[in-house]
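Look through the sequence and the structure shown here before reading on.

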Amino acid sequence: MAYPSFLTPFLSAQITQDGPMMVLGPSRQLLASRDEGESEARGSYPPLAYNQTEDKACILFWAAGIHISKGGTPVDLTNRTFGPGAIVDVGSSTCENETATLVLEYDNIEKLGRVRIVFKMSNRLYKVSGKWWFTLDQVEVYLDNDRASFNVTQVYAPAMYSYHCKRVAQDEVASSILPWSSSTRLWDVIFDDFQIQGFGVKGMHFSYASDCAGFFTPAIWMGLLTTLLMVFILTYGLHMITNLKTMDHFDDPKGPSISVPQTE
């Protein structure tokens, strides 16, 4: 039997700590914060967990904002997913050693009807590195009879890590996390401050996060290229200075002046 539960959030990309457990009901649990101000600093709601058993989470999910729509104004599902007003059902989710599926289901959402969001993840051993890595392979969104499917290629992390990204959305740009296509151009699917972990969950908290922001950002590349250009100019200037040659012959004031014959 599946047990959805809610956990206390901690900063993304950091390992969280355990706190005292408060039972909210037969299928939901809340991990209380040691400092009441911590939850307000990190958001007013805890992350969502899917439990295979009553006291063991196998998938963790958190986002500062969830907005979904098709051809209209995006509807905010954040408070319906996290916190005391959550109405989301994660009972259709599954956990295995090499695959995990997180299913978020909502009933009777205004302007949308029945909403279903599916995250399909896999855990693979790469022989070259000799390490296990998890990937988010596909995100599916269902609005009643409409379906949008996104084949994700940029969400991956070591199997024992979680994955975090400031924005996971469908954008008409090459670097979009959710690839844009003509079949999904009417859809708006946006996850702000997204974090997920489908494998290696221990102690009911996120593991260290692998962030989507690469080390070499566009600003860093611009700085490096500008520095290299300036170094090249300086090197070229020094090279020209060191190769300057002075005159090695001058007029002798006591001797005859140098004359240059001119011919017509």
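## Model and confidence

The structure is a predicted model. Its chain has a mean pLDDT of 77, with 73% of the residues at 70 or more. One stretch, residues 6-42, has a pLDDT below 50. Beyond near neighbours in sequence, residues 6-42 have 89 contacts in the model.

## The chain as a whole

The chain contains 264 residues, and 39% of them are buried. Its secondary structure consists of three helices and 16 strands.

Taking contacts between residues at least 6 apart in sequence, 55% join residues at least 24 apart.

## Two disulfides

How many disulfides does a search of the whole structure find? There are two. With the bonded cysteines of the chain numbered in sequence order, the pairing reads 1-2, 3-4.

C165 sits in strand 14 (residues 162-169), while C212 sits in the loop between strand 16 and helix 3 (218-242), so the pair ties together parts that are 47 residues apart in sequence. Is C165 buried or exposed? C165 is buried, because its relative accessible area is 3% and the cut-off for buried is under 20%. C212 has a relative accessibility of 32% and therefore counts as partly exposed.

## The nonpolar core

In soluble globular proteins, nonpolar side chains tend to be buried together. In this model, the largest nonpolar core has 53 residues. Which of its residues touch the most other members? They are F61, L104, I117 and F119. Strand 5 gives this core its largest share, six residues.

Leaving aside residues up to four places away in sequence, F119 touches F61 and L104, and its other partners include A100, T101 and L102. Also among the residues that F119 touches are L136, Q138, V139, F191, F194 and I196.

## The loop between strands 15 and 16

Two residues of this loop have side-chain contacts to backbone oxygens. S207 lies in the loop between strand 15 (187-197) and strand 16 (209-211). With a relative accessible area of 12%, S207 is buried. Its side chain reaches the backbone oxygen of M160 at 3.2 Å.

H205 is also placed in the loop between strand 15 and strand 16. H205 has a relative accessible area of 15% and is therefore buried. A polar atom of the H205 side chain lies 3.3 Å from the backbone oxygen of K202.

## Positive phi and a buried glycine

N108 is a residue other than glycine with a positive phi, near 55°. N108 is part of strand 9 (residues 99-109). Is N108 buried or exposed? N108 is exposed, because its relative accessible area is 73% and the cut-off for exposed is over 50%. D144, which is not a glycine, has a positive phi of about 55°. The place of D144 is the loop between strand 11 (131-143) and strand 12 (146-151).

G83 lies in the loop between helix 2 (78-81) and strand 8. The relative accessible area of G83 is 11%, so G83 is buried. Computed along the sequence, G83 and L48 are 35 residues apart, and in space their C-alpha atoms are 8.8 Å apart.

Methods. Residues numbered from 1 in each chain as written. Predicted model: local features only at pLDDT ≥ 70, side-chain atom pairs only at ≥ 80, totals over all residues. Heavy atoms only, no water. pLDDT = per-residue confidence, 0-100. Contact = heavy atoms within 4.5 Å. Helix = DSSP H or I, 4+ residues; strand = E, 2+ residues; numbered from the N terminus. Buried < 20%, exposed > 50% of the residue type's maximum accessible area, 1.4 Å probe, protein only. Polar contact = N/O pair within 3.5 Å; in protein donor to acceptor, adjacent residues only side chain to side chain. Disulfide = S-S within 2.5 Å. Core = buried A, V, L, I, M, F, W, Y, C linked by side-chain atoms within 4.5 Å.
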